[in-house]
Amino acid sequence: MAQERTSELGRFLRSRRDRVRPCDVGLAKGTRRRVPGLRREEVAVLANIGTSWYTWLEQGREVHPSESVLEAIAEALLLDREERAHLFLLGGYPDRATNPGDSEVGEQLRMMLDEVLPLPAMVTDPTYTIRAYNEVERYLTTDLAEVAPADRNCVIQAYENPEWASIFQPLDEHKRLLVAKMRAAYAESLEDPAWGPLLERLSRYPDFRALWDSGNVGRTPGRTKVVENPYVGTLNLTMATLIAQENQRLTLSVYLPVDSVTRARLETLHGWIRDGSIEKKRAEVVAEHERALAGAADGGERPVHLRVV
C-alpha cells in the first residue's frame, strides 16, 4: 500500500510538472526543450530542494517528504486547492488535505440547505462554528441572524446564550456530547488557527474545562435530540451529517424528524417563515423573555424555556 501511494505521488507530480509552462513561473523558454512543461531541475530550484531528491519523488521512491517540502513543491507547480489537498494526501499528511482556516461555503452547499426545507440544516467547520444555515435552522434555537458571526458557534452558544441553552434538553447531557464531539474534531484539525482563540474563550467556564480535560471523545450518531422550540413546541430530531466534497473541512448537518408530530411542526414553522408571521412571533418570544428576566431580578424563578403557542 505504501509503495502504491508513493508511485501515485510520482505520477501526480509528473503530470503537474508537464502542465506548467516556463513563462508561468518567470522562466525563459530557451532552446532545445524536450519536455512540454518544466524540467525536474527547474522544479527543484523553484522549490529550493535538491534535484536528485525531487527526482526520487517522481520515481516513487520512499523518501518521506516533509510538509514544508510538499508546500514548496505545491507553490512551484502552481497547484490549486484541490490539487494541493491531493498532494498532501499522497504525501502521507491526510490532516493537511484541506487548508486550515478555509471555511468558504460554495454555491452547491447553499443550494442543498434550501433543498432540504422544511428540515433545519446548517454547515459547520471542525470547530463547530456555523458557516451557513437555512431559514428553518435560523429559528430552531435562537435567531441566528441576530448572532454575531464570531459567536455563531454551537459550543459558544450553549455556554453563553441562555435562550440557546434552554432549547436542548437535558442541557448537561447536550453539553457533554457536544464537547466530546468537539474533542474528536480537534484531533483531526489541530492546525486550524481558530482552535486557540476558541478554546481560550471557552476555558473561562469550569464545566467546559472539566468536560474538555476528561478526554472523552465520540460522535454518537443516531441519538434523538429533544429541542424545545419557542415557536412550535417540542421537536424530536436526529441528525444526519455529510462531509462536503467541495471542501472537506465543512460538514452539512440536517435535522430529521423522528415522528409525524415533529414533521408537522417543522412544516408549520417553515410556513410561518415563508408568510412573514415569524417576525411577530419572534417579537412575542423576545418580549416574554424580557418579562421573565425582569421577574427573575425581582426574585422570581427563571423559566426553563419560552414558547409561543
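A residue is called buried when its relative accessible area is under 20%, exposed when over 50%, and partly exposed in between (1.4 Å probe, protein chains only). The exercises below use a predicted model, in which local features need pLDDT of at least 70 and side-chain atom pairs count only at pLDDT 80 or more, while totals for chains, interfaces and linings use all residues. Residues are numbered from 1 along each chain as its sequence is written, and side-chain values use heavy atoms, with hydrogens and water left out.

**Exercise 1. The chain as a whole**

Task: State how many helices and strands the protein chain has, and what percentage of its residues count as buried.

Solution. Step 1: helices (H or I, at least four residues) and strands (E, at least two) are taken as DSSP runs, numbered from the N terminus. Step 2: on that basis the protein chain has 14 helices and six strands. Step 3: 44% of the 309 residues of the protein chain count as buried. Step 4: a contact means heavy atoms within 4.5 Å. Among contacts between residues at least 6 apart in sequence, 58% join residues at least 24 apart.

**Exercise 2. A buried glutamate and its partner**

Task: Classify R39 and E42 as buried, partly exposed or exposed, and state how their side chains meet.

Solution. Step 1: E42 has a relative accessible area of 13%, so E42 is buried. Step 2: R39 has a relative accessible area of 26% and is therefore partly exposed. Step 3: a salt bridge is a side-chain nitrogen of Lys or Arg within 4 Å of a carboxyl oxygen of Asp or Glu. The side chains of R39 and E42 meet in such a bridge, at 3.4 Å from N to O.

**Exercise 3. Other salt bridges**

Task: Find how many salt bridges the structure holds, and describe the bridges of E83 with R16 and of D143 with R138.

Solution. Step 1: the structure holds 20 salt bridges. Step 2: one of them joins the side chains of E83 and R16, with 2.7 Å from N to O. E83 belongs to helix 5 (residues 81-90) and R16 to helix 1 (residues 2-19), so this pair ties together parts that are 67 residues apart in sequence. Step 3: E83 is buried, at 12% relative accessible area, and R16 is buried too, at 19%. Step 4: between D143 and R138 the closest N and O atoms are 2.7 Å apart. D143 counts as buried at 1% relative accessibility, whereas R138 is partly exposed at 24%. Step 5: D151, E160, R201 and R204 are linked in a network of salt bridges.

**Exercise 4. Backbone exceptions**

Solution. Step 1: most residues other than glycine have a negative phi, and most peptide bonds are trans. P118 sits in the loop between helix 6 (107-115) and strand 1 (121-124). H64 lies in the loop between helix 3 (51-58) and helix 4 (67-76) and is exposed, with a relative accessible area of 60%. Y128 is in the loop between strand 1 and strand 2 (130-133) and is buried, with a relative accessible area of 14%.

**Exercise 5. Helix 10 and helix 11**

Task: Describe how the axes of helix 10 and helix 11 are placed and which residues make the contact.

Solution. Step 1: axes are lines fitted to C-alpha atoms, for helices over the stretch in contact, and angles run from 0 to 180 degrees between N-to-C directions. Step 2: the axes of helix 10 (residues 171-188) and helix 11 (residues 195-202) come within 12 Å and cross at roughly 150°. Helix 10 is therefore roughly antiparallel to helix 11; angles under 35 degrees count as roughly parallel, over 145 as roughly antiparallel, 65 to 115 as roughly perpendicular and the rest as oblique. Step 3: the contact is made by M182, A185 and Y186 of helix 10 and by W195, L198, L199 and L202 of helix 11.
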